[in-house]
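Good morning, colleagues. Please take a moment to look at the sequence and the model, and then I shall go through the parts that I selected for today.

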Amino acid sequence: MIVALLTAAGTGTRMGQDIPKQFMHVENKPIIIHTMEAFQRHPSIDAVMVVTLPSWIEVVKAYARQFNITKLRWVVPGGETGQESIFLGLQVLKEEMQEDDTIIVHDGNRCMVSAEIISNSLATFQKHGSAVAAIPCVEAVFRSDDNGISSRMSIPREQLFRTQTPHTYTLGKLLWAHEEAGKKGISNTAASCSLMQELGEKVYFSKGSEENLKITTIEDMMIFKALLHTKKEDWLK
């Protein structure tokens, strides 16, 4: 069984709006629904879980009915951090699934995840046992310890990758990682790949995309709206 676990329990403080960003409407549709539809359409996804703010649980269920998200199976309350929210979702899945079932963890406000990205994540997972969507860094990167002034050499960009979601693991592996985090006092790694690396696990990269942006600011929202109305020209390879 393959389940998409969508994290949507953030309060959206960086967006500065009256409601959490994952529930803001773009093209008359909540952001979380845009994301859910990507997994609804993908033939390999068996079910969807949304981990969200307790006061929004019934709203998510109502939206799913309105937009015909038939794969939605669980809507559960999140925690204080992204790491805690994922763990709470895993605890529910543990009661109904096997440890070797596949879990795709994805940001609920990363709406432009394509079928190709999801498929490549699953293929990389099948080959290596885990997968983290990532893209190479194309800018020059510097490190600064003194408020925007750098006297150090830039970090070679060919060595740098920017991670995104989805992150794909077995349920058993994710449960192990979160249980180990509890034992070691690791409490605020919202990204599963960061948690795995802290625990000494290798990170295998799957396909990401610049279009697979995470909506956290007003600027991100504007880019998302533009992408919805952009089509790749036929002559581009």
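Against which element do the buried residues of H7 pack? Before I answer, a word on the basis of what follows. This is a predicted model, in which local features need pLDDT of at least 70 and side-chain atom pairs count only at pLDDT 80 or more, while totals for chains, interfaces and linings use all residues. Residues are numbered from 1 along each chain as its sequence is written, and side-chain values use heavy atoms, with hydrogens and water left out.

Now to the answer: the buried residues of H7 pack against H1, contact meaning heavy atoms within 4.5 Å. Helices (H or I, at least four residues) and strands (E, at least two) are DSSP runs, numbered from the N terminus. Helix H7 covers residues 218–228, and its residues Asp220, Met221, Phe224 and Leu227 are buried. Seen down the axis of H7, the buried residues fall within an arc of 125°, so they line one face of the helix. That arc is taken from the directions from the helix axis to the C-beta atoms. On the face of H7 turned away from the buried side are the exposed residues Glu219 and Met222. Here buried means under 20% relative accessible area, exposed over 50%, and partly exposed in between, with a 1.4 Å probe and protein chains only.

Let me turn to the chain as a whole. The protein chain has seven helices and seven strands, and along the sequence these follow the pattern β-α-β-α-β-α-β-α-β-β-α-α-β-α. Its radius of gyration is 18 Å, close to the 18 Å that the globule rule gives for 237 residues, so the chain is as compact as a globular protein of that length. The radius is taken over C-alpha atoms, and the rule is 2.2 Å times the number of residues to the power 0.38. Along the principal axes, the C-alpha atoms fill a box of roughly 55 × 45 × 40 Å. Of the 237 residues, 49% count as buried. Among contacts between residues at least 6 apart in sequence, 75% join residues at least 24 apart.

Next, strand S5. Five of the six residues of S5, residues 131–136, are buried, so this strand is largely enclosed by the rest of the structure. S5 pairs with strand S6 (residues 161–170) in the antiparallel sense over five bridges, and Thr168 in S6 is the bridge partner of Ala131. With strand S7 (residues 205–207), S5 pairs in the parallel sense over three bridges; there, Ala134 stands opposite Lys207. Two strands count as paired if DSSP finds at least two bridges between them.

Ser121 lies in helix H4, residues 115–128, and is buried, with a relative accessible area of 0%. Not counting residues up to four places away in sequence, Ser121 touches Ala131, Pro166, Thr168 and Ser206. Ser206 lies in strand S7 and counts as buried at 5% relative accessibility. Leaving aside neighbours within four places in sequence, the contacts of Ser206 include Asn120, Ser121, Thr124 and Ala131.

Pro166, in strand S6, is joined to Thr165 by a cis peptide bond, with omega about 20°. Most residues other than glycine have a negative phi, and most peptide bonds are trans. Asn28, in the loop between S1 and H1, has a positive phi of about 60° although it is not a glycine. Asn28 is exposed, with a relative accessible area of 71%. Asn68 also has a positive phi, near 60°; this residue is found in the loop between H2 and strand S3 (72–77) and counts as exposed at 54% relative accessibility.

Finally, the aromatic residues. Rings of Phe, Tyr and Trp (its six-membered ring) pair if their centres lie within 6.5 Å; planes under 30 degrees apart count as stacked, over 60 as edge-to-face and the rest as tilted. By this rule the count comes to two aromatic pairs. Phe23 and Trp56 form a stacked pair, 4.1 Å centre to centre, with 10° between the planes. Phe23 lies in the loop between strand S1 (2–8) and helix H1 (31–41), and Trp56 in the loop between strand S2 (47–52) and helix H2 (57–66), so the pair ties together parts that are 33 residues apart in sequence. Both Phe23 and Trp56 are buried.
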